[in-house]
Amino acid sequence: MATPLTAAAMLTALKAEGLTVHEHEGWRTHNRDAATGKSFGPVIGVLIHHTAGHGDKEICFNGRSDLPGPLCHAWLGKTAGLWMIGNGRANHAGLVDLDVIQALIAEKSPLPHDDQANADGNDCLYGLEIENLGNGKDPYPAAQYRQAVLWAAALCRAHGWTERSIAGHKEVQPGKIDPSFDMDIFRADVKKQLTSKPGGTPTPAPTPSTPRVDLSRLIQAAKTDPGARQGHQTYMAGVNLVEAALVKEGLLGKTYAGDGSFGTTTIAAYAAWQRRCGYTGKAADGIPGRASLERLGKRHHFNVTP
Ligand SMILES: [Zn+2]
């Protein structure tokens with residue numbers, strides 16, 4: 001637990017780590033503290049995100065219609081460098097798992113599974129948004145990845161934290177899939193940086209990892225969502241991946257995809273996929289099975305777990 005860095009101290013720490021820092025106009029006073037009546041801090045760690053888009057620096061500053069900015073403390077462009085976006089409370093983490101927060105405070109490793117959304121992550125975490133489509137194929141250029149490592153290392157060094165104070169959004173909030181690289185590799189790279197002098201030697205970026213769909217959670221969604229209120233989301237991230245694949249197969253209309261809800265239309269589309277796989281009758285009831293899901297994942301770039 002620590003007092004958040006002032007804007008000046010933040011810039012000093014980032015530059016000392018070897019980063020070139022760009023400042024978005026107004027970032028020093030851009031935060032959600034006054035609007036929410038909740039002040040930022042004490043801080044306990046840093047959170048890594050991918051933006052799931054491109055050219056989204058201004059979105060991260062201004063926010064979206066449903067979520068006011070700032071959406072992070074810093075935005076890291078694919079080629080545009082590191083930009084300061086907010087100073088204070090920012091809308092990047094949302095509700096996160098308290099067990100994971102406590103593990104970050106205690107710097108415990110490995111982090112516990114994030115299965116609850118019962119703590120305010122915007123209170124206590126610095127957030128970096130990395131410009132990347134997040135589809136598991138969009139690469140992180142080595143120079144961009146290097147800057148992400150330096151950003152996290154600078155904050156850890158400034159607060160006397162180890163790399164175990166770092167998490168990915170996918171590790172703290174159920175349903176999140178960002179960032180699309182391995183956080184253990186990222187933490188190891190930050191550790192290497194922390195044991196070297198600021199500026200240290202560059203490390204190559206890990207390849208984006210293939211997104212995963214948890215079969216049991218998907219089945220639960222297919223059994224729960226149709227009977228629940230319209231748009232009910234049991235397993236948003238996995239359902240979105242499966243719906244996108246069904247759209248590409250021509251089995252689901254685009255307007256029904258992307259809401260994260262495995263509703264009756266998705267059930268019908270998945271049943272059509274099962275029939276295409278050769279299943280009939282009860283075996284083509286629209287509730288995903290392992291073989292049909294693995295076949296869909298092979299064609300549309302996701303893995304099936306466990
Ligand atoms: Zn995120």
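Biologist: How many strands form the open sheet, and in what order?

Modeller: This is a predicted model. In general, strands of a sheet pair through backbone hydrogen bonds, either parallel or antiparallel. Here the open sheet has six strands, ordered 1-6-5-9-2-10, and their pairing is mixed.

Biologist: Which strands stand at the edges of the sheet?

Modeller: Strand 1 (21–23) and strand 10 (166–168) do. Each has a single partner strand, so one side of each lacks a neighbour in the sheet. On average, neighbouring strands of this sheet are turned by 25 degrees against each other, direction ignored.

Biologist: How many bridges join strand 2 to strand 9, and how do the two run?

Modeller: Strand 2 (residues 45–50) and strand 9 (residues 125–130) run parallel and are joined by six bridges.

Biologist: Now the helices. At what angle do the axes of helix 9 and helix 10 cross?

Modeller: The axes of helix 9 (residues 236–248) and helix 10 (residues 264–276) cross at roughly 60 degrees and come within 10 Å. That makes helix 9 oblique to helix 10. The crossing of helix 9 past helix 10 is left-handed.

Biologist: Which residues meet there?

Modeller: From helix 9, Val 242, Glu 243 and Leu 246 meet Thr 266, Ala 269, Tyr 270 and Trp 273 of helix 10. Sorted by class, this contact has five nonpolar residues, one polar and one charged.

Biologist: What is the phi of Ala 52, and where is Ala 52 placed?

Modeller: Ala 52 is not a glycine, yet its phi is positive, at about 60 degrees. Look for Ala 52 in the loop between strand 2 and helix 3 (57–62). Glu 107, likewise not a glycine, has a positive phi of about 50 degrees. The loop that holds Glu 107 is between helix 4 (98–105) and strand 8 (119–120).

Biologist: Is Glu 107 buried or exposed?

Modeller: The cut-off for buried is under 20% relative accessible area. Glu 107 has 18% relative accessibility, so Glu 107 counts as buried.

Conventions: Residues numbered from 1 in each chain as written. Predicted model: local features only at pLDDT ≥ 70, side-chain atom pairs only at ≥ 80, totals over all residues. Heavy atoms only, no water. Axes fitted to C-alpha atoms, helices over the stretch in contact; angles between N-to-C directions. Helix = DSSP H or I, 4+ residues; strand = E, 2+ residues; numbered from the N terminus. Parallel < 35°, antiparallel > 145°, perpendicular 65-115°, else oblique. Left-handed = near helix turned anticlockwise from the far one by under 90°. Contact = heavy atoms within 4.5 Å. Nonpolar A, V, L, I, M, F, W, Y, C, P; charged D, E, K, R; others polar. Pairing = 2+ DSSP bridges. Buried < 20%, exposed > 50% of the residue type's maximum accessible area, 1.4 Å probe, protein only.
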